[in-house]
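Thank you all for coming.

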Amino acid sequence: MKKWYALMAFGLCLSTAYGQMVTPAEKQAVIRQAAQLLEQHYVYPDKGKTLAAALLQQEKQLAQGTDSVHVFARAVTGLLRKTVKDGHVFLRYNPEMIKELKAPPAKGDSAKDPFHYDERAVNMNFGFTEVKILPGAVGYIRLSEINLSPNSVDILEAAMVFVQHTKALVLDLRDNGGGGSAVGLVLEGYFVKDGTPLLEVKSRDGKNELMKAQALSGIKPYEKPLYILVNDHTASAAEAIAFELQHLKRAVIVGQRSAGGAHMNEVYPANDRFLLSVSVAAPVFPGTDHSWELTGVQPDIVTTNREEDLPAVLGLIKKDNDTAQK
């Protein structure tokens with residue numbers, strides 16, 4: 001199953017490398033390899049060719065100037081995003097990750113995937129930042145990234161068990177740059193029926209993939225009202241959750257419009273020091289062309305800043321509970 005690696009979440013794995021240098025010859029080689037990768041893999045072939053052409057047209061200018069690896073990568077990224085307005089397309093300096101990408105996978109082991117299995121993921125508790133019960137028996141779960149795998153699914157289960165007796169649940173995805181799941185759409189599986197179609201993923205070869213909610217074995221679904229907090233830094237896989245559950249009318253979205261990064265990306269070595277992220281798939285709501293790419297997820301309840309978000313939700317919950325008791 002394809003995964004998102006959003007810029008904000010994925011960027012946590014990457015070196016800034018301000019002190020490293022790059023020669024004009026290496027720049028030229030990276031640009032040409034990046035152009036080839038974009039033309040071969042970008043989800044929309046016509047845009048892939050456009051991106052490749054833009055790089056090659058600016059090859060001379062990009063190969064000159066600063067010798068900083070970071071500034072060079074930023075210049076290439078800026079050109080790519082200006083060309084197609086796609087936040088999942090970028091060049092980064094990260095020789096350590098390239099070594100991991102090129103390393104042969106161990107049999108029966110997913111350790112090659114550093115996002116889900118490295119020390120950073122463990123230290124971040126796989127994105128599970130806060131789980132608590134708010135006044136009025138309201139559950140609250142804050143996720144700093146979407147990082148679901150066999151290593152973290154027990155944390156998801158524990159969090160949902162903790163909030164299972166609440167009257168409503170707040171899922172806080174503000175500032176969540178995305179990530180991905182190596183075990184299917186199991187978070188959504190707590191809120192909708194197992195097997196519910198959630199996304200149709202379009203690929204460049206026309207072989208679309210239907211992604212469905214997956215209920216973990218033996219779980220108790222959460223059937224009370226669900227509210228999801230978003231802001232302009234909610235991106236990619238985090239946006240997908242809000243997008244899906246809003247379309248199914250299973251959740252009320254509160255906050256500010258999200259970032260608008262729907263495309264799914266994969267990373268490829270451009271050489272031994274630079275990696276290129278390429279959008280390889282485009283998800284839409286099943287049976288439609290509706291996506292959150294560029295437009296973001298528009299909240300049902302719009303607020304002007306994060307200080308208003310939770311009070312707005314708690315006010316709605318109290319109002320609904322008061323009405324139900326009359």
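This is a predicted model: local features need pLDDT of at least 70, side-chain atom pairs count only at pLDDT 80 or more; totals for chains, interfaces and linings use all residues.

Helices (H or I, at least four residues) and strands (E, at least two) are DSSP runs, numbered from the N terminus. The open sheet has six strands in the order β2-β3-β5-β9-β10-β13, with mixed pairing, where two strands pair if DSSP finds at least two bridges between them. At the edges stand β2 (128-134) and β13 (301-302), each with a single partner strand, so one side of each is left without a neighbour in the sheet. Within the sheet, β9 and β10 run parallel and are joined by four bridges.

Let me turn to helix α11. This helix lies across β2, β3, β5, β9, β10 and β13, running at about 165 degrees to β9; axes here are lines fitted to C-alpha atoms, for helices over the stretch in contact, and angles run from 0 to 180 degrees between N-to-C directions. In α11, D309, V313 and I317 are buried, that is, under 20% relative accessible area, with exposed meaning over 50% and partly exposed in between (1.4 Å probe, protein chains only). The buried residues of α11 fall within an arc of 55 degrees when seen down its axis, so they line one face of the helix; the arc is that of the directions from the helix axis to the C-beta atoms. These buried residues pack against β3 (138-143), β5 (168-172), β9 (226-230) and β10 (252-255), contact meaning heavy atoms within 4.5 Å. On the face turned away from the buried side, α11 carries the exposed residues E307, P311, K318, K319 and Q325.

Finally, the arginine: R273 lies in the loop between β11 (264-269) and β12 (274-284). Not counting residues up to four places away in sequence, R273 touches a set of residues including Q20, M21, E26, R92 and Y93. A polar atom of the R273 side chain lies 2.6 Å from the backbone oxygen of M21.

How values were computed. Residues are numbered from 1 along each chain as its sequence is written. Side-chain values use heavy atoms; hydrogens and water are left out. A polar contact is a pair of N or O atoms within 3.5 Å; within protein, one must be able to donate a hydrogen and the other to accept it, and residues adjacent in sequence count only if both atoms are side-chain atoms.
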